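Hello,

Here is the structure for you to take over. My findings follow below it.

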Amino acid sequence: MRILNASGCLDALTAPDVARSLDAFVTKTVTPRPREGNAPVRIAETDVGMLNSIGLANPGRDVFLAETLPQVREVGVPVWISVGGFAAHEYAETCARLEDVTIELNLSCPNVDEAADSAAAIVAACRVATKLPLYAKLSPANWDISEVAQAVQAAGADGLSLVNTMRGTALDELLRPRLGTWSGGLSGPALKPIALAAVHACWRATELPIVGMGGVMSGRDALELVAVGAQDVALGTVLFRDPEAPERVRSELAAELATIGVADVDDVRGVAHEGGAASLLSLTR
Ligand SMILES: Cc1cc2nc3c(=O)[nH]c(=O)nc-3n(C[C@H](O)[C@H](O)[C@H](O)COP(=O)(O)O)c2cc1C
């Protein structure tokens, strides 16, 4: 199991030591043209997590490839590039220009208007454009996420990243919206049950490796995502309050595994599908 950051939740250039404590660094989503993002206020804390309406602020593909990416490579961890766009050909054009990275297709940002092309059409276009590993990052807002997962698998995805944020709104004391855009993406603890359900459904529906994310704050949270089928785990919101979270989650995970008497976290993958603790006991015998 690898520990990654969730896209948009860590800047490897301002925090290279945090990036080095990960097994791979995932960039903020890069779009064909520069984006300033949404009007402020773009972040609001809530009782159950964080709302953001960053809106894919990024320097655009050309500047990213010429300036940002070479510096990110110098940090010295494997790089995943989160690719965004507004039509299949835009995603594909970016993919065609990438080398020696894993690609995560952001098919699910709640802060920009829905991509006109379907997730499967975008993956199919990118599959033609590159031989690099392609992970499809899906929205948990779909009623049946496993159908989308099967469609992107058929279109050529090599893996799934689950989940992106869910759209939410928060009001201030005077009953005004706290975000400049009214609504934004809800992340953090409230997402964990949603992420567990999504990983569970997609693990049953496809054979694709899954990066699980959504509300991982502790080693226990990471273990639960693995138990429902995640191969790797990504940390998002937690990194804003605890830059040492990768190390902490790793050691908490080791303690959780010691408690249940399992040496290798990969042995836990999917056990929630097979009776959970009962099947773990058979592992430890
Ligand atoms: C401030 C912020 C910015 C984000 N930007 C992106 C992004 O650019 N691309 C993307 O795919 N997901 C983005 N996300 C979503 C995260 O990658 C992740 O899917 C989500 O936050 C759930 O994980 P968490 O609950 O651990 O934060 C962003 C999340 C936050 C909080």
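Predicted model: local features only at pLDDT ≥ 70, side-chain atom pairs only at ≥ 80, totals over all residues.

Start with the ligand. There are 27 residues around it, and A6, G8, S187, G236 and T237 come nearest. By type, the shell divides into 10 nonpolar, 15 polar and two charged residues. Two strands each supply at least two residues of this shell: β4 (49-52) and β10 (183-187).

Those two strands also pair with each other. β4 and β10 run antiparallel, over three bridges. M50 has its bridge partner in β10, namely S187. S187 is also one of the residues that come nearest to the ligand.

β10 has another antiparallel partner, β9 (residues 166-169), with four bridges between them. Here M166 stands opposite L186 of β10. Four of the five residues of β10 are buried, so the strand is largely enclosed by the rest of the structure.

Now the eight-stranded sheet. It is open, its pairing is parallel, and its order is β1-β12-β11-β8-β7-β6-β5-β2. β1 (3-5) and β2 (25-26) stand at the edges with a single partner strand each, so one side of each has no neighbour in the sheet. Within the sheet, β8 (residues 159-162) and β11 (residues 210-212) pair in parallel over three bridges. S161 stands opposite V211 in β11.

Helix α4 lies across β6 (102-106) and β7 (134-137), and runs at about 165 degrees to β7.

Best wishes

Definitions and conventions: Residues numbered from 1 in each chain as written. Near = placed C-beta within 6 Å. Nonpolar A, V, L, I, M, F, W, Y, C, P; charged D, E, K, R; others polar. Buried ≥ 20, exposed ≤ 12 C-beta atoms within 10 Å, placed from the backbone. Pairing = 2+ DSSP bridges. Contact = placed C-beta atoms within 7 Å. Axes fitted to C-alpha atoms, helices over the stretch in contact; angles between N-to-C directions.
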